[in-house]
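Subject: Structure handover

Hi there,

Here is the structure I promised to pass on to you. Please have a look at it first, and then read my notes below.

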Amino acid sequence: FFYPLAGLFVFFLNKPAQHFPYRTLVPFLVWYFLGMQTLGAYFLAAWLGGSLGVACFHLQHHCNSPYRVPDDSSRTHLDAAIAGSTRIPLAWPLSVFSFGIEYHHIHHFDIRVPGYRLERCDAEGEAAGLWTRVNTVDWVRAIKSLCHSQFDGSSKASDAGGTPRFSSFWPYSALGLQDD
């Protein structure tokens, strides 16, 4: 239930003062020039896009095991990028629309790599063996990780009794929808 509500919030409710012109002028122009049916399709596409965008953002940052270090002095930029974000291999039809979102580990390492070069950068890194520690997420793990809603453990590795991890609420974990 979270992602449909999040999509509603992201595209229709968040930052009303900043987004008011976009949220009123564009729908008005769509309605005026293309009609009510197209306006309905526009709102449906915006809501669906918002929901999928929030789900993708969640997958990029909330798959087990989370990256934790004992203190700030042991944190490295490379480790945070490689172990703190995900790599989500997408099949060709989906990758056309993702603009490199599946290579989030590269984005966290260096934001200057343009989106159109992420696939090539990932392939070259794979060939060089750079991605052995990357948190790669397959489809089964992605579906389970979408149900993660809470964090078990401390935000610092030194405080954690065990390995910190993301977990799901009871109904989801009882159905096996938790990435262990």
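**What I found**

Six residues make up the largest nonpolar core: Ile82, Tyr103, Ile106, Leu118, Trp131 and Val134. By nonpolar core I mean a set of buried Ala, Val, Leu, Ile, Met, Phe, Trp, Tyr and Cys residues joined through side-chain atoms within 4.5 Å; buried is under 20% relative accessible area, exposed over 50%, and partly exposed in between (1.4 Å probe, protein chains only). Another core, of five residues, lies apart from that one, and its members include Leu59, Cys63, Ile88 and Val137.

Before going further, a word on the source: this is a predicted model, in which local features need pLDDT of at least 70 and side-chain atom pairs count only at pLDDT 80 or more, while totals for chains, interfaces and linings use all residues. Residues are numbered from 1 along each chain as its sequence is written, and side-chain values use heavy atoms, with hydrogens and water left out.

Back to tyrosine 103: leaving aside residues up to four places away in sequence, its contacts (heavy atoms within 4.5 Å) are Thr86, Leu118, Glu119 and Asp122.

**Helix H1**

H1 covers residues 2–13; helices here are DSSP runs of H or I, at least four residues, numbered from the N terminus. Tyr3, Ala6 and Gly7 are its buried residues. Viewed down the helix axis, the buried residues of H1 fall within an arc of 105°, so they line one face; the arc is taken from the directions from the helix axis to the C-beta atoms. Leu5 and Leu13 are exposed on the other side of H1. Helix H3 (36–61) is part of what covers the buried residues. After H1 comes lysine 15, with a positive phi near 50°.

Which residues does tyrosine 3 touch, not counting those up to four places away in sequence? They are Ser51, Val54, Ala55, His58 and Leu146. Tyrosine 3 counts as buried because its relative accessibility is 16%.

**Cysteines**

I also searched the whole structure for disulfides (pairs of cysteine sulfur atoms within 2.5 Å) and found zero. For cysteine 121, the nearest cysteine sulfur belongs to cysteine 56, 20 Å away. Cysteine 121 is partly exposed, at 28% relative accessibility, whereas cysteine 147, at 15%, is buried.

Best wishes

Notes. Helices (H or I, at least four residues) and strands (E, at least two) are DSSP runs, numbered from the N terminus.
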